[in-house]
2 protein chains.
Amino acid sequence: MLLDAAREAAAEAVGCRADELVFTPSGTRAVHSGVSGALAGRRRAGNHLIVSAVEHSSVLHAAETHEAGGGAVTRVPVDRTGAVDPAAYAGALRAGTALACLQSANHEVGTEQPVAEVGEACRAAGVPLLVDAAQSLAWGRVEGDWSLLTASAHKWGGPSGVGLLVVRKGTRFAPEGPADERESGRAPGFENLPAIVAAAASLRAVRAEAAEEAARLRELTERIRARVPALVPDVEVVGDPARRLPGVVTFSCLYVDGETLLHELDRAGFSVSSGSSCTSSTLTPSHVLKAMGVLTEGNVRVSLPPGTPAEDVERFLEVLPGTVAAVRERLGAPTATEAAPRTGDDLVVDALGRRCPVPVIELAKVIGDVPVGGTVRVLSDDEAARLDIPAWCEMRGQEYVGEAPTAAGTAYVVRRTS
Amino acid sequence: MLLDAAREAAAEAVGCRADELVFTPSGTRAVHSGVSGALAGRRRAGNHLIVSAVEHSSVLHAAETHEAGGGAVTRVPVDRTGAVDPAAYAGALRAGTALACLQSANHEVGTEQPVAEVGEACRAAGVPLLVDAAQSLAWGRVEGDWSLLTASAHKWGGPSGVGLLVVRKGTRFAPEGPADERESGRAPGFENLPAIVAAAASLRAVRAEAAEEAARLRELTERIRARVPALVPDVEVVGDPARRLPGVVTFSCLYVDGETLLHELDRAGFSVSSGSSCTSSTLTPSHVLKAMGVLTEGNVRVSLPPGTPAEDVERFLEVLPGTVAAVRERLGAPTATEAAPRTGDDLVVDALGRRCPVPVIELAKVIGDVPVGGTVRVLSDDEAARLDIPAWCEMRGQEYVGEAPTAAGTAYVVRRTS
């Protein structure tokens with residue numbers, strides 16, 4: 001009875017029938033089961049899967065597994081705000097497309113995706129659309145014509161260990177892997193009833209205040225978006241300024257090492273995330289920032305949970321400029337006022353063995369040393385340089401000429417234009 | 001750090017290295033991942049899987065999935081106590097055997113399996129053995145030479161939502177399905193940290209008192225095993241009397257409908273389980289009782305959790321005889337003293353459309369009506385009759401002749417021998 005009541009409450013929040021919704025052990029498991037079950041159910045239609053380039057890793061891992069098993073995958077690119085173009089997405093639909101996946105909003109930069117438009121194109125093509133609604137379900141239903149939906153309770157402030165998988169009636173679905181009689185054969189294993197009850201209750205609670213709280217948090221993140229570039233030089237705020245989640249704001253700071261910045265902010269009492277390469281165990285920058293083509297160094301993601309007081313945001317804005325300046329100073333980053341003497345037409349900067357943000361810092365230090373029209377070749381073996389040197393050029397109005405392999409790494413060539 | 005500490009504590013309880021153990025969202029998921037990963041890792045060796053006939057449904061479902069994918073499965077039978085014969089198990093090993101599975105103890109009747117002997121045979125054959133230790137991990141380590149082990153926290157009194165999968169170093173293992181960087185790539189999804197910490201802590205706590213509590217519970221279940229047949233006529237206590245779990249005891253009552261008995265015991269304050277067909281949603285008896293060839297009707301499984309007071313057991317033994325008698329009376333079951341007149345050499349009992357235990361009750365009512373050497377044909381379309389009529393014959397010393405299909409069901413033929 002508790003399970004039925006929780007299912008009814010969650011279905012009401014999603015906007016589906018209770019018998020279309022099952023509880024899984026996590027949002028990741030919901031995605032894996034949803035993707036594999038939908039692909040298997042549509043095996044006769046074909047083996048082509050479409051995802052956006054900025055999906056959550058659970059969707060991308062499911063796509064890799066599909067590829068490894070002989071399936072075809074199209075990754076739809078995003079623009080500089082992180083959104084897919086609905087027309088480009090629709091263009092990826094073809095005979096043989098079994099499933100399309102699109103997040104409701106991006107987990108790193110908060111940008112909302114055009115789910116309704118993409119859903120319409122999918123419906124017209126007879127292709128089911130799976131929406132990963134992990135980021136947005138706390139704030140409201142996903143509108144439009146979707147066939148499958150996934151979410152994760154701990155993302156709306158609920159307990160760990162509970163995900164949702166919704167499969168609309170009429171959607172072909174063949175669960176993969178061993179099943180049992182639980183959760184319509186779609187999520188085997190003993191149900192985590194206490195967590196499921198807490199998940200449903202917390203979703204209802206967070207929804208009751210969603211409209212008011214969303215407006216309040218949106219104002220706070222808007223404040224961060226507007227004031228950070230004014231307070232801190234050489235900052236790029238990323239993500240769509242309007243179509244975005246209320247509580248997430250992300251920016252990147254030139255000449256800053258993300259890991260040190262996170263550490264310093266943590267010491268000041270702020271727990272933030274980062275998509276910089278230095279903060280990742282694989283030393284590669286976030287696939288989202290990469291797909292957007294924005295600066296990845298010194299990346300900071302601020303997530304404001306419901307209830308965050310305005311004073312915390314104010315204090316963050318007070319602390320941030322000094323923290324960034326201290327990190328830059330320690331790295332010997334150039335300041336806006338510095339002007340180095342010009343010494344020749346071309347220069348080589350050897351940043352081999354140095355990690356992000358050092359290659360960009362070294363580039364910035366010497367760009368003034370070449371005349372307008374001269375070039376700087378930055379030698380680097382750090383993966384992040386491939387993204388951050390072009391991003392720096394765009395921010396600084398310099399020309400990025402291109403890259404060339406060298407014996408020990410890559411040479412990135414920049415022409416001074418101003 | 002909490003996760004590492006929980007992993008260390010669980011590994012200590014299992015008797016393995018911490019880096020051999022991952023946490024999964026349930027025991028079922030541990031079994032599914034363990035079986036599929038071990039089979040995939042040994043794909044080159046072959047596609048033959050061995051399981052016992054009395055494994056938990058999660059193992060049997062994994063075996064069915066393997067079969068559906070073109071794999072071969074051998075189900076090793078058990079004796080009347082529910083145990084596999086180590087020699088018979090070893091005989092199932094062959095060139096091409098990729099994996100062998102054996103539970104440490106049975107979940108329905110408590111019988112311990114000869115894991116150490118089977119482990120030795122598997123090692124000699126170079127085949128990994130997966131032990132489902134869900135029932136026994138609370139009481140101690142699994143001895144012997146196993147390669148993979150699974151367990152479930154809620155079975156040792158821990159929280160829902162946590163399973164264990166242990167893969168010994170040197171065991172070939174290739175996780176199936178999409179993975180992420182968590183839990184060595186063997187259990188994707190956000191870790192349920194609060195539940196994992198509680199699971200490890202509760203395992204440690206239950207182990208601290210395991211030796212003493214096992215002895216106490218064993219004495220209580222021994223009391224039930226000894227006294228139930230004395231207090232209630234026509235009862236069969238099932239499972240191995242010596243090699244068994246401390247807190248589980250199972251018996252079957254002739255001429256009793258399991259569902260009604262459970263309901264009546266529940267009204268008296270006792271929550272017990274049953275493997276009778278009438279208590280299953282599929283209306284088929286427990287696969288364990290079926291594989292053992294014991295009576296399935298009126299089946300009662302009593303599980304005593306650690307801490308069960310002796311008085312509760314005494315009160316259960318006081319309540320049980322009257323409860324069983326009342327159910328039997330309502331069903332019109334024969335009593336030991338009844339003696340019906342003999343009327344002929346052969347008889348037909350039409351029990352078509354009647355559910356367990358009615359066919360056996362009708363048989364018992366008329367067996368006295370045929371002379372010694374005469375037969376009774378019981379017509380039944382209830383699946384449980386196939387098991388319970390032979391089991392009744394064995395209990396009553398009558399001869400079970402066999403079965404024959406009829407237009408509307410099956411005729412079960414019994415010859416009166418005494």
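In what follows, a helix is a DSSP run of H or I with at least four residues and a strand is a DSSP run of E with at least two, both numbered from the N terminus. The model is predicted, so local features need pLDDT of at least 70 and side-chain atom pairs count only at pLDDT 80 or more, while totals for chains, interfaces and linings use all residues. Residues are numbered from 1 along each chain as its sequence is written, chains are lettered from A and ligands numbered from 1 in the order in which they are written, and side-chain values use heavy atoms, with hydrogens and water left out.

**Exercise 1. The two copies**

Find the rotation and the shift along its axis that superpose chain B on chain A.

*Solution.* 
- Step 1: Copies are superposed by least squares on the C-alpha atoms of residues with pLDDT of at least 70 in both.
- Step 2: Now check the interface. Of the interface residues of chain B, 100% are also interface residues in chain A, so the copies meet through the same surface.

**Exercise 2. A threonine with contacts in both chains**

Is Thr28(B) buried or exposed, and which residues is Thr28(B) in contact with, leaving aside its neighbours within four places in sequence?

*Solution.* 
- Step 1: Buried means under 20% relative accessible area, exposed over 50%, and partly exposed in between (1.4 Å probe, protein chains only). At a relative accessible area of 7%, Thr28(B) is buried.
- Step 2: List the contacts (heavy atoms within 4.5 Å). From chain A come Asp180(A), Arg182(A), Pro188(A), Gly189(A) and Phe190(A), and from chain B His56(B) and Ser58(B).

**Exercise 3. An annotated stretch and its sheet**

Where does UniProt place the feature "domain: UPF0033" in chain A, and what is the strand order of the open sheet of 4 strands in chain A?

*Solution.* 
- Step 1: The UniProt record, an unreviewed entry, puts this feature at residues 349–373 of chain A. UniProt positions are in the numbering used here, feature names are shortened, and annotations may be inferred rather than shown by experiment.
- Step 2: Over residues 349–373 of chain A, 36% is helix and 8% strand, and 17 Å separates the end C-alpha atoms.
- Step 3: Two strands pair if DSSP finds at least two bridges between them. The order is E11-E12-E14-E13 (chain A), with mixed pairing.
- Step 4: Strand E11 (346–350) and strand E13 (399–405) of chain A are the edges; each has a single partner strand, so one side of each lacks a neighbour in the sheet.
- Step 5: Inside the sheet, strands E12 (residues 375–380) and E14 (residues 410–415) of chain A run antiparallel and are joined by 6 bridges. Ser380(A) has Thr410(A) in E14(A) as its bridge partner.
- Step 6: Axes are lines fitted to C-alpha atoms, for helices over the stretch in contact, and angles run from 0 to 180 degrees between N-to-C directions. Helix H11 (residues 358–366) of chain A packs on the sheet, touching E11, E12 and E14 of chain A, at about 160 degrees to E12(A). Helix H12 (residues 385–396) of chain A lies across E12, E13 and E14 of chain A, at about 5 degrees to E14(A).

**Exercise 4. Aromatic pairs**

How many aromatic pairs does the structure hold over all chains?

*Solution.* 
- Step 1: Rings of Phe, Tyr and Trp (its six-membered ring) pair if their centres lie within 6.5 Å; planes under 30 degrees apart count as stacked, over 60 as edge-to-face and the rest as tilted.
- Step 2: The count is 2. In chain A, the ring centres of Phe270(A) and Phe316(A) are 5.3 Å apart and the planes stand at 75 degrees, so this pair is edge-to-face.
- Step 3: Phe270(A) sits in the loop between helix H8 (258–267) and helix H9 (287–292) of chain A, and Phe316(A) in helix H10 (residues 310–330) of chain A, 46 residues apart. Both Phe270(A) and Phe316(A) are buried.
- Step 4: Turn to chain B, where Phe270(B) and Phe316(B) form an edge-to-face pair, with 5.3 Å from centre to centre and 75 degrees between the planes. Phe270(B) is buried at 11% relative accessibility, and Phe316(B) is buried at 4%.
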